[in-house]
Each structure stands twice: as C-alpha cells, then as structure tokens.
Amino acid sequence: MNERRADLDMIRVIACFLVVLLHVASYGMEVKDPTTADWMIRDVVVSLARCAAPLFFMLSGVLFMEREISIGQLYRKYIARIAAAWLLWSAFYAVIDVIAYLGSGDDPLGYFLEKLLSGHYHLWFLPSLLVAYMFLPLLQKLTRSCTTQELKYLALVILVTVIGKSTLAPFLHENAAWNGFWSNFTIPFACIGMLYFVLGYFLYRNRKRISAGKAFWLYFLPAIIMIAVNTVCAYASGSHSTAGNGYLTLWVVLSSAGMFLLLLGILAEWRPGGESEGSDSEPFCSHIRDLSRTHVVHRTGFPQNRADAGSVSDDRIHHTVFSADLCAELSGGMGDKKNSCTGSSGRIKNC
C-alpha cells in the first residue's frame with residue numbers, strides 16, 4: 001500500500017510553525033535599540049527559528065531528487081504553479097505600494113511595473129524555488145553520475161566560494177579590495193534553493209550516520225554563533241544587525257542541517273495516532289493539509305529599500321496575507337499524495 005511519509009509531513013508542520021515564529025519575532029526589530037532586552041530576546045528567537053525556510057527546501061530535495069519526472073510535467077505541474085503564485089502576490093503588493101508610496105509626478109504604471117518585476121522582498125523563496133525546480137533534471141544527473149570524490153570537491157568549492165563569501169561579507173563589506181574581488185563572482189540569491197535541495201537529499205540518504213545528540217549540537221551551536229554575531233555587530237554599529245543570519249552563511253547552513261537531521265531522527269519511527277507502519281496515514285495528512293491551507297500571516301507592507309535602510313514610514317499599510325497553499329508549494333505539492341509515496345523499504349519513489 002502506498003503510504004505518505006508521516007515524519008516528513010510532521011517536519012513540514014514544524015517548519016510552518018517556525019516560519020510564523022520567525023516573522024512574529026522579527027517584526028519591527030530594525031527600529032529597536034539592540035541594547036534592550038526586547039531586541040536581544042527577538043534575536044535569540046529569530047536565530048533559533050532561522051532554519052524554517054531551509055527545512056522546506058530540504059524536504060523538496062528529499063521528495064524530488066530521486067523522482068522520475070519529465071521536463072514537460074515539471075514545468076506544467078510545478079514551475080507554472082509557483083510562477084503564477086509569485087506573479088499574483090507580486091501584483092498584489094505592487095498595487096499596495098502604488099497606493100501608499102507613489103510620489104507626486106511619478107508614473108503610476110512605471111512604478112507598478114517596477115514593483116511587480118522586482119517582487120516583494122518577503123516572497124524571495126518563490127523565485128529561489130523556481131530556480132531549484134528548473135535545474136532539477138541537471139541536479140539529478142549531477143548527483144547520480146559524480147563519484148564520491150567529485151562530490152566532495154564540489155562541496156569544498158561551494159564552501160569556499162558561496163558559504164565562505166556569505167559568512168565573511170557582513171564583516172568586510174566596507175573593504176574596497178574585498179568588494180572589488182567578489183564583484184567578479186556574483187552569486188545569485190536565487191541559488192539558495194539549489195543548495196538546500198541537494199543538501200536535504202544527501203542528509204536524508206545519510207541520516208542514520210549522525211545520532212540525534214550530535215544533530216542537536218549541530219543545530220544549536222551555530223544558532224548560538226548567529227546570536228553572538230548579530231549582537232556584536234549590532235553593538236558595534238549601534239543599530240539592528242542580521243550579520244549572522246544570511247541563508248548562505250555557514251551558521252545558517254549548519255544549523256538548518258542539524259535541525260533537519262534531528263527531526264528525521266526523532267520522527268523516524270513516529271506514526272500518527274499510534275498507527276502501525278503499514279497503515280494508511282491519509283487522515284493525518286488531510287489534517288496537515290488543512291492546517292497549511294488555512295494558515296494566515298499578518299504582515300505590514302513597506303518597500304524593500306525602506307526596510308534595508310532601517311526606517312519605516314509612518315503611513316504603514318496593514319494588510320493580511322492569506323498564504324493558502326504556499327507551504328504546499330514549497331514542499332512540492334502537499335495536496336498531491338504521489339509526492340511522498342514510499343515503498344516497503346522506505347525509499348522515496350515515483351507513485
């Protein structure tokens with residue numbers, strides 16, 4: 001009998017909770033004094049929950065990296081759907097920006113198109129996911145055809161050129177030599193999805209090699225470093241800092257990997273409602289699907305350039321974003337039972 005992976009579904013639920021926790025805790029941090037207890041507590045919560053989005057990407061890697069799917073089906077069923085969601089919500093936020101921030105004498109249509117094409121900043125994960133799906137056939141061939149030695153070399157190159165750069169950049173961004181050198185090797189932000197796709201796949205394949213205790217420290221210690229880096233940089237600059245929280249920094253990659261392995265280990269033998277391994281878990285999965293599709297996130301919209309500058313206009317527009325199915329999109333189509341079917345061996349397969 002085909003069975004949904006209840007452990008992967010539960011990781012998805014935990015990731016949804018962490019996304020909400022992350023946004024609630026980070027709201028308004030950029031205008032708070034980093035020497036206050038309020039900012040410090042928020043910094044701790046944000047750093048501990050930073051693994052939320054990477055968990056979704058890693059889950060998609062587990063479900064898709066070994067799945068046989070044609071390029072046509074990939075575009076029709078997944079890429080087109082995610083692109084439509086990104087376009088729809090980008091248009092929604094573009095209209096909000098036009099209403100709230102269009103200056104006198106500005107071209108409304110030009111301003112709208114600028115905001116539409118640039119996309120709203122907190123929808124960053126959708127183009128990143130699109131890139132991962134577009135490169136999926138090539139990523140599959142890469143992981144299957146490369147030898148272990150070649151894969152280790154690739155990991156080393158990524159560590160030095162991608163993770164190393166992102167980790168050190170907050171400390172050296174004012175150094176002209178550093179900026180001049182790395183300007184020749186610009187790494188698109190959208191590559192985040194590809195990195196975590198492959199990372200999740202390899203972590204899942206080797207999950208039994210790392211105990212839950214080691215996985216916990218792999219998650220917790222980098223999170224502590226994130227907190228420390230943010231605190232030191234905030235004290236040095238006298239303003240809010242997220243220097244340690246970049247998704248391509250070493251700390252976030254390690255912490256996300258640790259949390260993923262920890263949850264895989266804890267939930268490996270878990271079945272909802274005490275069900276046996278061979279039973280059908282569809283009722284539980286339907287419950288999870290309902291949770292993800294009725295999730296509501298309250299956010300305040302303002303342009304990315306104002307957020308980056310650490311200033312928020314007094315004329316904020318408060319609006320409610322109904323993110324129905326966005327979590328399902330991230331995890332590769334939660335509504336499609338075929339996405340997480342397994343055989344009796346527990347190996348993900350195409351059903």
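Biologist: Which way does α1 pass α3, in a left-handed or a right-handed crossing?
Modeller: Bear in mind that this is a predicted model, where local features need pLDDT of at least 70, side-chain atom pairs count only at pLDDT 80 or more, and totals for chains, interfaces and linings use all residues. Residues are numbered from 1 along each chain as its sequence is written, and side-chain values use heavy atoms, without hydrogens or water. A crossing is left-handed if the near helix is turned anticlockwise from the far one by less than a right angle, right-handed if clockwise. For α1 passing α3, the crossing is left-handed.

Biologist: How are α1 and α3 oriented, roughly parallel or roughly antiparallel?
Modeller: Helix α1 covers residues 6-26 and helix α3 residues 52-64 (helices are DSSP runs of H or I, at least four residues, numbered from the N terminus). Their axes come within 8 Å and cross at roughly 155° (axes are lines fitted to C-alpha atoms over the stretch in contact, with angles from 0 to 180 degrees between N-to-C directions). Angles under 35 degrees count as roughly parallel, over 145 as roughly antiparallel, 65 to 115 as roughly perpendicular and the rest as oblique. α1 and α3 are therefore roughly antiparallel.

Biologist: How many nonpolar residues does the contact of α1 with α3 have?
Modeller: On the α1 side you'll find Leu8, Ile11, Arg12, Ala15, Cys16, Leu18 and Val19, and they meet Ala52, Leu55, Phe56, Leu59, Val62 and Leu63 in α3 (contact means heavy atoms within 4.5 Å). Sorted by class, this contact has one charged residue, no polar ones, and a nonpolar count of 12.

Biologist: What is the rough angle at which α1 and α2 cross?
Modeller: Helix α2 runs over residues 37-48, and its axis comes within 9 Å of that of α1. The crossing is left-handed. The pair is roughly antiparallel, and the crossing angle is roughly 155°.

Biologist: Which residues of α2 make the contact with α1?
Modeller: Keep the α1–α2 crossing in view, which is left-handed. From α1, the contact takes Leu21, Leu22, Val24, Ala25 and Ser26. The residues of this contact divide into six nonpolar, one polar and one charged. On the α2 side, the ones you want are Arg42, Val45 and Val46.

Biologist: How far apart are the axes of α4 and α6?
Modeller: Helix α4 is residues 71-101 and helix α6 is residues 125-134, and they pack at an angle of about 165°. That makes α4 roughly antiparallel to α6. Their crossing is left-handed, and their axes are apart by 9 Å.

Biologist: How many nonpolar residues are in the contact of α4 with α6?
Modeller: α4 brings Leu74, Tyr75, Ile79, Ile82, Ala83, Ala85 and Trp86, while α6 answers with Leu126, Pro127, Leu129, Leu130, Tyr133 and Met134. The contact has no polar and no charged residues, and the nonpolar number is 13 (Ala, Val, Leu, Ile, Met, Phe, Trp, Tyr, Cys and Pro count as nonpolar, Asp, Glu, Lys and Arg as charged, the others, Gly among them, as polar).

Definitions and conventions. Helices (H or I, at least four residues) and strands (E, at least two) are DSSP runs, numbered from the N terminus.
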